[in-house]
Every structure is written in C-alpha cells, then in structure tokens.
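Visitor: Please show me the model, and then let us go through it by question and answer.

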Amino acid sequence: MIAEIKAQIVTYGLSAADLGLAPKGKRSRSDARHVAYADGNGNTWGGRGKRPDWLRALLAEGRSLDEFKVA
C-alpha cells in the first residue's frame, strides 16, 4: 500500500504541501523576547503574566513601575 502511494506521489508530482503535510511556519518569538521592564542588573520582564519577584520587591520598597520601563 505504501509503495503504491509513493508511486502515485511521484507520478502526479505531489509535494508534502499538496498532501497537507508541509511543516507549519515557525511562530515568531519576538513577543516572547520583548523586554518591557528592566532593572539594570540583568533582570527583565516582558510585561505579561505574573510580575517577577525582583520587580515586586522593588515596588514594595516604594519604587514606581515607570522607573523600569524600557524605551
């Protein structure tokens, strides 16, 4: 059966995309790498999800979130 299918693929010049088997395009990870906030000591946060401990500690000290915004 497989040999017959392979032969038909060759006969009709089909590609993986024609069969719906082509790999999907890679998702851009640029959003995942986006840094919205940084403390200057190597700690960064993208601004999504739970605030990291380093940022929560600084905010608890009375610092402002705007101080850490990356341009």
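**Fold, core and surface**

Guide: The protein chain has three helices and two strands, where helices (H or I, at least four residues) and strands (E, at least two) are DSSP runs numbered from the N terminus. This is a predicted model, in which local features need pLDDT of at least 70, side-chain atom pairs count only at pLDDT 80 or more, and totals for chains, interfaces and linings use all residues. Residues are numbered from 1 along each chain as its sequence is written, and side-chain values use heavy atoms, with hydrogens and water left out.

Visitor: In what order do the elements of the protein chain run from the N terminus?

Guide: The helices number three and the strands two. Read from the N terminus on, the order is α-α-β-β-α.

Visitor: What percentage of the residues of the protein chain count as buried?

Guide: Buried means under 20% relative accessible area, exposed over 50%, and partly exposed in between (1.4 Å probe, protein chains only). Of the 71 residues in the protein chain, the buried ones come to 13%.

Visitor: How is the aromatic pair of Trp54 and Phe68 classed?

Guide: Rings of Phe, Tyr and Trp (its six-membered ring) pair if their centres lie within 6.5 Å; planes under 30 degrees apart count as stacked, over 60 as edge-to-face and the rest as tilted. The count by this rule is two aromatic pairs. For Trp54 and Phe68, the centres are 6.3 Å apart and the planes make 80 degrees, so the class is edge-to-face.

Visitor: Which residues does Trp54 contact, leaving aside neighbours within four places in sequence?

Guide: Contact means heavy atoms within 4.5 Å. With those neighbours left aside, the partners of Trp54 are Tyr37, Ala38, Asp39, Asn43, Thr44 and Trp45.

Visitor: What is the N to O distance in the salt bridge of Arg56 and Asp53?

Guide: A salt bridge is a side-chain nitrogen of Lys or Arg within 4 Å of a carboxyl oxygen of Asp or Glu. Arg56 and Asp53 lie three residues apart in helix H3, which means a separation of about one helical turn. Arg56 is partly exposed at 39% relative accessible area, while Asp53 is exposed at 54%. Their N to O distance is 2.3 Å.

Visitor: How many salt bridges are there?

Guide: Besides the bridge of Arg56 and Asp53, the side chains of Arg63 and Glu67 meet at 2.8 Å, N to O. Arg63 is partly exposed with 36% relative accessible area, and Glu67 is partly exposed with 47%. The count is two.

Visitor: Is Leu21 buried or exposed?

Guide: Leu21 is found in the loop between helix H1 (2-12) and helix H2 (30-33). With a relative accessibility of 61%, Leu21 is exposed.
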